[in-house]
Amino acid sequence: MTDEINVSSEEKYQLIDITDRVEKIVKESGIKDGLVLVFVPHSTAGILLTENEAGLKEDWLSFLKRLVSGFDPEAEQARSGADFQHNRIDDNADSHILSGLIGQEKVFPLKGGRLLRGIWQQIFLLELDGPRNRKIIVEVN
Amino acid sequence: MTDEINVSSEEKYQLIDITDRVEKIVKESGIKDGLVLVFVPHSTAGILLTENEAGLKEDWLSFLKRLVSGFDPEAEQARSGADFQHNRIDDNADSHILSGLIGQEKVFPLKGGRLLRGIWQQIFLLELDGPRNRKIIVEVN
Amino acid sequence: MTDEINVSSEEKYQLIDITDRVEKIVKESGIKDGLVLVFVPHSTAGILLTENEAGLKEDWLSFLKRLVSGFDPEAEQARSGADFQHNRIDDNADSHILSGLIGQEKVFPLKGGRLLRGIWQQIFLLELDGPRNRKIIVEVN
């Protein structure tokens with residue numbers, strides 16, 4: 001069973017909690033046991049499991065910006081590195097690199113109709129090149 | 001088929017080899033072909049495949065500490081950055097961020113009853129906020 | 001259904017596009033719906049989804065070399081850090097660490113015989129310790 005979630009991001013970098021929408025799809029599938037794949041078919045976004053706490057979400061976005069800038073404040077100021085060659089044709093090398101580091105899919109165990117995630121393990125779309133409309137594929141198998 | 005592994009960590013950051021326990025569950029499932037999911041339902045731990053060599057394990061933990069501190073020795077000394085906002089309510093922003101970077105699950109091919117992993121690809125629970133009791137879910141599908 | 005792809009790398013760090021070969025295996029399996037696992041059974045290589053653009057591929061390899069060197073040009077010059085303890089027995093701690101950060105597998109949704117990946121989401125073997133012969137396992141489930 002495959003279904004889709006559609007979200008619109010508002011920021012260049014943004015964390016959007018999609019836990020409820022994923023769990024609704026799983027419930028409506030009627031499938032009780034197996035695997036659940038959450039997959040974003042984009043190479044400038046990611047799927048991240050983390051705690052939905054306001055400070056932590058800011059820490060995440062700040063950390064990712066610093067990481068892709070090599071922890072160099074000047075490079076960060078210059079919108080993630082004028083040195084990226086991809087930026088000659090499209091200004092989003094930072095988005096691709098962070099997307100690949102975080103990953104674009106997560107797989108969950110499903111048992112008795114329940115996604116076996118931890119209580120601090122909310123499911124987020126990680127937008128890295130917004131604002132954009134994004135599609136997330138949920139497959140219950 | 002779903003089963004659990006329980007481990008107790010002793011350190012804040014620690015690598016615990018769970019390869020034998022995962023493979024025992026796979027064997028006992030009697031399932032010969034499919035997918036095996038190893039999933040830790042925590043957002044301050046990870047599942048990592050790497051070589052079980054003492055020096056490399058130390059390199060991993062040292063690298064992760066430096067990474068989350070922005071490769072800044074002073075920030076590392078200050079227990080992974082006093083600047084994290086999440087640390088106002090819970091002193092483990094570093095644990096969440098490294099957990100998300102490494103990921104909390106791995107999926108393996110299963111063929112003829114054998115997990116098709118490489119010989120240098122041991123399965124580790126990566127503890128990032130210990131000491132704690134941790135549960136790992138293994139699903140054979 | 002399980003099949004293999006064999007590739008030979010020529011460089012220490014290299015991105016090799018295997019999208020066509022993965023999709024050929026999926027097509028030949030005759031399976032229309034389910035999950036597809038692409039798994040490299042090595043701990044010094046990775047599977048990465050990113051755009052196949054020449055500049056971006058150089059950005060990726062350059063970023064990874066800098067990352068594992070702590071963004072320190074001198075450490076990068078010294079072939080990824082004389083300080084790694086694993087390098088006393090095998091000169092590839094950098095390869096293991098980057099392999100673990102990127103991950104050694106990806107899972108895709110399969111629907112109507114088609115891998116539901118994005119158009120900028122090519123599938124790459126990420127060689128991190130070449131030149132070597134590498135095997136990639138593709139399981140359609």
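**Entry 1: two helices across a chain boundary**

I started with helix α2 (residues 54-68) of chain A and helix α4 (residues 93-102) of chain B, which pack at an angle of about 55° with their axes 10 Å apart in this predicted model. For the bookkeeping, helices are DSSP runs of H or I with at least four residues, strands are runs of E with at least two, and both are numbered from the N terminus. The axes are lines fitted to C-alpha atoms, for helices over the stretch in contact, and angles run from 0 to 180 degrees between N-to-C directions.

What do I call that angle? It makes α2(A) oblique to α4(B): under 35 degrees counts as roughly parallel, over 145 as roughly antiparallel, 65 to 115 as roughly perpendicular, and the rest as oblique.

Which residues meet here? From α2(A) I noted A:Leu56, A:Asp59, A:Trp60 and A:Phe63, and from α4(B) their partners B:Ala93, B:His96 and B:Ile97. Contact means that C-beta atoms, placed from the backbone, lie within 7 Å. By class, I get 5 nonpolar, 1 polar and 1 charged residues. Nonpolar covers Ala, Val, Leu, Ile, Met, Phe, Trp, Tyr, Cys and Pro, charged covers Asp, Glu, Lys and Arg, and the others, Gly among them, are polar.

**Entry 2: the whole A–B interface**

Zooming out, I found 28 residues of chain A in contact with 26 residues of chain B. On chain A's side, the elements giving two or more residues are β3 (34-39), β4 (45-50), α2, α4 (93-102) and β5 (105-111). α2(A) gives the most, with 7 residues. I sorted that side of chain A into 14 nonpolar, 6 polar and 8 charged residues.

**Entry 3: C against A**

Next I checked chain C, where 28 residues are in contact with 26 residues of chain A. Here α2(C) gives the most to chain C's side, with 7 residues.

The copies use different surfaces, and 18% of chain A's contact residues recur in chain B.

**Housekeeping**

Residues are numbered from 1 along each chain as its sequence is written, and chains are lettered from A and ligands numbered from 1 in the order in which they are written. As the model is predicted, local features need pLDDT of at least 70 and side-chain atom pairs count only at pLDDT 80 or more, while totals for chains, interfaces and linings use all residues.

Note on methods
Contact = placed C-beta atoms within 7 Å.
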